[in-house]
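Student: I am new to this structure and would like to learn how to read it one feature at a time. Could you show it to me, and then take my questions in turn?

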Amino acid sequence: MPLYQVPILVNGATHSAEQFRAMVQDLARGAEGITAGTDLKVTQLGTPGAGVQIASGSGVVRGRFDAFQGSYAVRNQGTDTVDIAATGGSPRSDMLILRVEDPQYEGTLNPEVDNINYFQVISNVSSSATAIPDGRTGIPLARIDIPASTATITNAMIKDIRKVANPRRETRQLTQSPTSMSTAITGTAGTYSYFSSAAGWTIAIPSWATIARIRVDVAGIRLTTGNLYGAARATLGASVTLQPTIIDDNQGAVVRRLPTLVADTITISDAYRGTNQLLRAQAAGLGGNAAQIYVDGSTTFVAQIEFEEGAR
């Protein structure tokens, strides 16, 4: 019958390797790739030479030989090295993969004495390849684009093509309202100032984050004095600035309110991971601006932040 005789785990029962692979596939939600962003990263040798090194780490490899093959949990315990052949008179691209060759489905390896998973170089792939070209069971780690007449591999030649099987994500939504009216932001020089009565938010950056998608909405900006031509943006810490948004309003000297938002996708640097950074909105008057820009107790700031893990 198609249904497995017993589920995992039943005391006293016998469970096949295929059943455990099915469990790995289920736990990985059918995905494959590395486990965490730094796993199995390929870099040049300590002293660059005719090979590369692969960092420690783990991953999941989905079987491709059979529809019910399941997925394999693989692990590199420590740093390993792989030789890369020199090029002749023409450039060449090689792909380094973590290969699984299960004799239940293919090949003649003996699990008692042979390495059923191993690092393998697929030579002469397309210079834009990011997936294993022939569908063999494995996960791609790096493409190495080697110039002509070259025997020494450097980091500049290594294209990272790892993917995180199930990247971690974390989403936050934060709100803030000023307790008083801010100092006016005005002028035409494009000089950004923080809203003095809006302190922003201290954001804990996850240690695993690779990118962040950030959106800051400001509802109820107060404008007075004249026509507004300006911009809004936000900063995260001392070194990240979100893309600015133009604010353009020609309602003259009357007091009025309008909403605006800024949003951007940013790369999280090593220096930011695992730290606390201040997220705070700014505004500026641009050429031709005659207005004054304020926020006050009737203004609401909303920040939405999604952190995502990727290979790094």
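Student: Where does Ser182 lie?

Tutor: This is a predicted model, and in it Ser182 sits in the loop that runs between strand 11 (169-176) and strand 12 (193-194).

Student: Is Ser182 buried or exposed?

Tutor: A residue is called buried when its relative accessible area is under 20%. Ser182 has a relative accessible area of 4%, so it is buried. Setting aside neighbours within four places in sequence, the residues in contact with Ser182 are Phe195, Ser196, Ser197, Tyr294 and Val295.

Student: How should I read Thr265, and which residues does it touch?

Tutor: Thr265 belongs to strand 18, and its relative accessibility of 49% makes it count as partly exposed. If residues up to four places away in sequence are not counted, Thr265 touches Ile211, Ala212 and Arg213. Sequence and space can also be compared for a pair of residues: Thr265 and Gly288 are 23 residues apart in sequence, while their C-alpha atoms are 30 Å apart in space.

Student: Which residues touch the most other members of the largest nonpolar core?

Tutor: That core has 36 residues, and those touching the most other members are Phe195, Ile214, Val216, Leu236, Leu279 and Phe307. Two or more residues come from each of strand 13 (201-204), strand 14 (211-224), strand 15 (228-236), strand 18 (256-267), strand 19 (276-285) and strand 21 (300-308). The most is given by strand 14, with six residues. As for Leu279, its contacts beyond four places in sequence include Trp201, Ile214, Val216, Leu236 and Ile305. There is also a second, separate core of 24 residues, with Tyr72, Val100, Phe119 and Met157 among them.

Student: What should I look for in the backbone itself?

Tutor: Most residues other than glycine have a negative phi, and most peptide bonds are trans. Against that background, the peptide bond that joins Ile8 and Leu9 is cis, with omega about -10°, and Leu9 is placed in the segment before helix 1 (17-27).

Student: Which value does phi of Leu40 take, and where does phi of Thr225 stand?

Tutor: Both are positive values in a residue other than glycine, with phi near 60° for Leu40 and near 85° for Thr225. Leu40 lies in the loop between strand 1 (33-34) and strand 2 (42-49), and Leu40 is buried, with a relative accessible area of 0%. Thr225, for its part, lies in the loop between strand 14 and strand 15, and at 45% relative accessibility Thr225 counts as partly exposed.

Student: How many helices and strands does the chain have, and why is it described as more spread out than a compact globule?

Tutor: The chain has one helix and 21 strands. Its radius of gyration is 27 Å, well over the 20 Å that the globule rule gives for 312 residues, so the chain is more spread out than a compact globule. Taken along the principal axes, the C-alpha atoms fill a box of roughly 85 × 60 × 30 Å.

Student: What else can be read from the chain as a whole?

Tutor: Buried residues make up 46% of the 312 residues. Among contacts with a separation of 6 or more, 74% are between residues 24 or more positions apart. The chain exposes about 15,500 Å², of which carbon and sulfur atoms supply 49%. Finally, the chain has 25 positive and 26 negative charges, and their mean positions are 9 Å apart.

Terms used
Residues numbered from 1 in each chain as written. Predicted model: local features only at pLDDT ≥ 70, side-chain atom pairs only at ≥ 80, totals over all residues. Heavy atoms only, no water. Core = buried A, V, L, I, M, F, W, Y, C linked by side-chain atoms within 4.5 Å. Buried < 20%, exposed > 50% of the residue type's maximum accessible area, 1.4 Å probe, protein only. Helix = DSSP H or I, 4+ residues; strand = E, 2+ residues; numbered from the N terminus. Contact = heavy atoms within 4.5 Å. Rg over C-alpha atoms; globule rule 2.2 N^0.38 Å. Areas by Shrake-Rupley, 256 points an atom, 1.4 Å probe, with all protein chains shown as cover. Lys, Arg positive; Asp, Glu negative; His and termini not counted. Charge placed at Lys NZ, Arg CZ, Asp CG, Glu CD.
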